[in-house]
Amino acid sequence: VVVSDVYDAVHDVAQSSKSLKGRRGTLRSSAKPSIMEQNYSQCVYYLNYAPKNLLEFYFRQKQYGKACLSAFERSDRDLIEHLCKISVDFGKDDELLAFCKGQLVSD
């Protein structure tokens, strides 16, 4: 598995997930991006069943900006609180602060 492909696929799927949600709120399999089946399965799992694990996955792979973007795009208070916690746990609270400042400037 190419980790960067998983990052990009998760972000792409997250961007289009609002329009791809089925009746139960899960992604339909017909919406698969052109990535390996294994990567796609991992993306769907993280997006639907383990968004907190996705943030930790991003942090373990040093993809702090993508973790922040993922949490804030969902506008989920619990997920944002978890992002704050793992930012401190990983010693990357400065990354979170920089992301937030960047978002404020761009808005």
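What follows is a chat about a predicted model of one chain.

Colleague: What does the secondary structure of the chain come to?

Modeller: In this predicted model, the chain has 6 helices and 0 strands, so that from the N terminus on the elements read α-α-α-α-α-α.

Colleague: And how much of the chain is buried?

Modeller: Of the 107 residues in the chain, 30% are buried, while the chain exposes about 6800 Å², with carbon and sulfur atoms supplying 50% of that area.

Colleague: Let's go to His82, where does that lie?

Modeller: His82 belongs to helix α5, which covers residues 77-89.

Colleague: Buried or exposed, and why?

Modeller: His82 counts as buried, because its relative accessibility is 13% and the cut-off for buried is under 20%.

Colleague: Which residues is His82 in contact with?

Modeller: If neighbours within four places in sequence are left aside, His82 is in contact with Lys52, Leu55 and Glu56.

Colleague: Changing topic, at what angle do α4 and α5 pack?

Modeller: Helix α4, residues 64-74, packs with α5 at an angle of about 155°, and their axes are 8 Å apart. Angles over 145 degrees count as roughly antiparallel, and the two helices are therefore roughly antiparallel to each other; the crossing of α4 past α5 is left-handed.

Colleague: Which residues make that contact?

Modeller: On α4 they are Ala67, Cys68, Ala71, Phe72 and Arg74, and on α5 they are Leu79, Ile80 and Leu83. By class, this contact of α4 with α5 has 7 nonpolar residues, no polar ones and 1 charged residue.

Methods: Residues numbered from 1 in each chain as written. Predicted model: local features only at pLDDT ≥ 70, side-chain atom pairs only at ≥ 80, totals over all residues. Heavy atoms only, no water. Helix = DSSP H or I, 4+ residues; strand = E, 2+ residues; numbered from the N terminus. Buried < 20%, exposed > 50% of the residue type's maximum accessible area, 1.4 Å probe, protein only. Areas by Shrake-Rupley, 256 points an atom, 1.4 Å probe, with all protein chains shown as cover. Contact = heavy atoms within 4.5 Å. Axes fitted to C-alpha atoms, helices over the stretch in contact; angles between N-to-C directions. Parallel < 35°, antiparallel > 145°, perpendicular 65-115°, else oblique. Left-handed = near helix turned anticlockwise from the far one by under 90°. Nonpolar A, V, L, I, M, F, W, Y, C, P; charged D, E, K, R; others polar.
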